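Please report on the ligand surroundings and a surface patch in this structure. A short account in plain text with one table is enough.

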Amino acid sequence: MGIRIGMIGAGQIGEDHVRRVTEKISGAEIAAVASRRREPAEKVAAICGARVENSVDDLLAAKDIDAVIIASPSERHEEQVLAALQAGKQVFCEKPLAVTAEGCRRIVEAEARIGRRMIQVGFMRRYDQGYRQLRKAIESKEFGVPLMVHCAHRNIAPHGTFTTDMSVTQTAIHEIDVTRWLLDDDYASVQVIFPRQTSNTDGTVLRDPQMMILQTKSGVCINLEVYVNCRFGYDIQCEVVCENGVLRMPEPSNLLIRADAKRYTALETDWVLRFVEAYDVELQEWVEDMHAGILRGPSAWDGYVAAVTADALMAAQQSGAVQPVILGDCPAIYLK
Ligand code: ISE
């Protein structure tokens, strides 16, 4: 029997996930939708023929719902994840797991009390082909151990209001998770340097670009350029320097065009397109893992580690100094 999913939130990412589960994913269906506003919930429910619940509480109380996808505004995640655990539902929560590290810790503790994994966090880059190839090559040890990682995260322009700390919490958060997963290593310290600033911020207070430097416990240095106003395209780069070789993430395979006395390949314009396949694989594997009774994707602990690292980076933005990343004890359910 298919997993019956309740969708919480009916914004763009919620709608995308509903389409995915309905049109691309096997082994699950969207049974109900709940959102603070009725109208978008009805629109999203109509895509898949699901019912609309009056509230998140009603959706969580429904006996026919096995799991929920939480794609509501970030500030509501903590309360909704905790309520879903309480109701015995499996949870897929879009990033961030909670808006504070303390909030993530409360979720980790609640899940640890249950004694098994119930939560997966939406760090979709772990499901991207290119990152998976990188991880496999690192794991093979064929090129020696990794020493350094060079990353770039470039957006054409931010959507809506964007502040200096959001370059960490919304943008760098993806590299914080995926690099730690690639290297299978935790962060020891972080630092932020502000290079010459772009005039593309149009007079807003946002500091852009930023150079973030993270060092792992085993000493690997990661330099991450975050440039959210690059104007030219959505551009994600990752290169791992190992002892005996350099591993570069492949570019997305777009057509090579010769025209107008130029030879070029188009760049994506946003993450929805750049990571479209990763999002599909992410939800498909989550559904398969629920059927198999064992979750393997990004855990609540990974969500917590990302939040603690993000806090250290924001402290580093303020202080200009190297900041330690202090995690505390990891509950047994998350240890491999
Ligand atoms: C956005 O929230 C994302 O998650 C994107 O992947 C990232 O590139 C962008 O900078 C964020 O604002």
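Met148 belongs to strand E7 (residues 146–154); strands are DSSP runs of at least two residues and helices (H or I) of at least four, numbered from the N terminus. This is a predicted model, in which local features need pLDDT of at least 70 and side-chain atom pairs count only at pLDDT 80 or more, while totals for chains, interfaces and linings use all residues. Residues are numbered from 1 along each chain as its sequence is written, and side-chain values use heavy atoms, with hydrogens and water left out.

Met148 has a relative accessible area of 35% and is therefore partly exposed, a class between buried (under 20%) and exposed (over 50%), with a 1.4 Å probe and protein chains only. Together with Val145 and Leu147, Met148 forms a nonpolar surface patch with about 230 Å² of accessible area. Areas come from the Shrake-Rupley method with a 1.4 Å probe; for residues, only the protein chains shown count as cover.

Polar contacts are pairs of N or O atoms within 3.5 Å.

| Side chain | Distance to a ligand oxygen atom |
|---|---|
| Asn155 | 2.6 Å |
| Thr171 | 2.8 Å |
| His174 | 2.9 Å |

Taken alone the ligand exposes 300 Å², of which the protein buries 88%.

How values were computed. Polar contact = N/O pair within 3.5 Å; in protein donor to acceptor, adjacent residues only side chain to side chain. Patch = residues over 30% accessible without salt bridge, like charges linked within 9 Å, V, L, I, M, F, W, Y side chains within 5 Å. Salt bridge = Lys/Arg side-chain N within 4 Å of Asp/Glu carboxyl O.
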